[in-house]
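Dear colleague,

I am handing over the structure below, and my notes on it follow. Please read them with the coordinates open beside you.

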Amino acid sequence: MNQLVFLDQTAQAQAGGLSWTWMIGYIVIIGALFYFMAIRPQKKQQKKMDTLISSLAIGDSVLTTSGFYGVVIDVMDEVIIVEFGNNKNCRIPMKKTAVVEVEKPETNE
């Protein structure tokens with residue numbers, strides 16, 4: 001009888017250890033899925049935006065987050081001055097992070 005109880009306790013201990021191993025494995029798998037589906041694409045998009053912002057130069061046509069098209073007339077550390085439309089009086093300073101798209105001017109030489 002004692003040997004049967006001992007075997008039963010050993011089987012329960014091994015089954016309990018196995019369930020913890022599976023639970024840790026599931027957590028690792030879910031963490032990896034979360035990384036590859038959420039964090040990694042966001043980092044790639046952030047890196048793309050950083051290169052876009054660092055490539056801003058005078059004369060570039062830009063699209064802002066508010067949907068306005070304009071031409072960059074001055075570039076500072078974190079601020080750019082954008083001219084909207086044909087009116088030379090419509091110059092607005094804005095943060096570089098407000099730029100969504102940049103189109104470089106074509107140089108025909």
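This is a predicted model: local features need pLDDT of at least 70, side-chain atom pairs count only at pLDDT 80 or more; totals for chains, interfaces and linings use all residues.

Throughout this message, buried means under 20% relative accessible area, exposed means over 50%, and partly exposed covers what lies in between, with a 1.4 Å probe and protein chains only.

Residues are numbered from 1 along each chain as its sequence is written, and side-chain values use heavy atoms, with hydrogens and water left out.

Overall architecture

The chain has 1 helix and 5 strands, these being DSSP runs numbered from the N terminus (H or I of at least four residues for helices, E of at least two for strands). Along the sequence they follow the pattern α-β-β-β-β-β. Of the 109 residues in the chain, 15% are buried. With contact taken as heavy atoms within 4.5 Å, residues 24 or more positions apart account for 36% of the contacts in the chain that have a separation of 6 or more.

The sheet

The 5 strands form an open sheet in the order β4-β3-β2-β1-β5, with antiparallel pairing; two strands are said to pair if DSSP finds at least two bridges between them. Because β4 (91-95) and β5 (99-103) stand at the edges with a single partner strand each, one side of each is left without a neighbour in the sheet. From one strand to the next the twist averages 40°, where axes are lines fitted to C-alpha atoms (for helices over the stretch in contact) and angles run from 0 to 180 degrees between N-to-C directions.

Taking the pairings in turn, β2 (residues 69-75) is joined to β3 (residues 79-83) by 4 bridges, the two running antiparallel, and D74 has I81 as its bridge partner in β3. Strands β1 and β2 pair in the antiparallel sense over 3 bridges, and their hairpin has 4 residues between the strands, with G67 taking a positive phi near 95°. On its other pairing, β1 is joined to β5 by 4 antiparallel bridges. V62 has bridge partners on both counts, G70 in β2 and V102 in β5.

The nonpolar core

V62 also belongs to the largest nonpolar core, which has 9 residues in all: L56, V62, V72, I80, V82, F84, M94, A98 and V99. Such a core is a set of buried Ala, Val, Leu, Ile, Met, Phe, Trp, Tyr and Cys residues joined through side-chain atoms within 4.5 Å. For V72, once neighbours within four places in sequence are set aside, the contacts are A57, I58, G59, D60, V62, I80 and I81.

Salt bridges

The structure holds 3 salt bridges, each a side-chain nitrogen of Lys or Arg within 4 Å of a carboxyl oxygen of Asp or Glu. In one of them the side chains of K104 and D60 meet at 2.9 Å, N to O, and this pair links distant parts of the chain, K104 in the segment after β5 and D60 in the loop between α1 (2-54) and β1 (61-64), 44 residues apart. D60 is buried at a relative accessible area of 2%, whereas K104 is partly exposed at 41%.

The side chains of E78 and K95 meet at 3.7 Å, N to O, and they connect the loop between β2 and β3, which holds E78, with strand β4, which holds K95, across 17 residues. Here E78 is exposed at 54% and K95 is partly exposed at 49%. Finally, E83 and R91 meet at 3.1 Å, N to O, with E83 buried at 10% relative accessibility and R91 partly exposed at 45%.

Aromatic pairs

A search of the whole structure finds 3 aromatic pairs, counted when the ring centres of Phe, Tyr and Trp (its six-membered ring) lie within 6.5 Å, with planes under 30 degrees apart called stacked, over 60 edge-to-face and the rest tilted. Among them, the rings of Y35 and F36 have centres 5.1 Å apart and planes at 80°, so the pair is edge-to-face; Y35 is partly exposed at 34% relative accessibility. The rings of F68 and F84, with centres 5.9 Å apart and planes at 65°, are likewise edge-to-face. Because F68 lies in the loop between β1 and β2 and F84 in the loop between β3 and β4, this pair ties together parts that are 16 residues apart in sequence.

With best wishes
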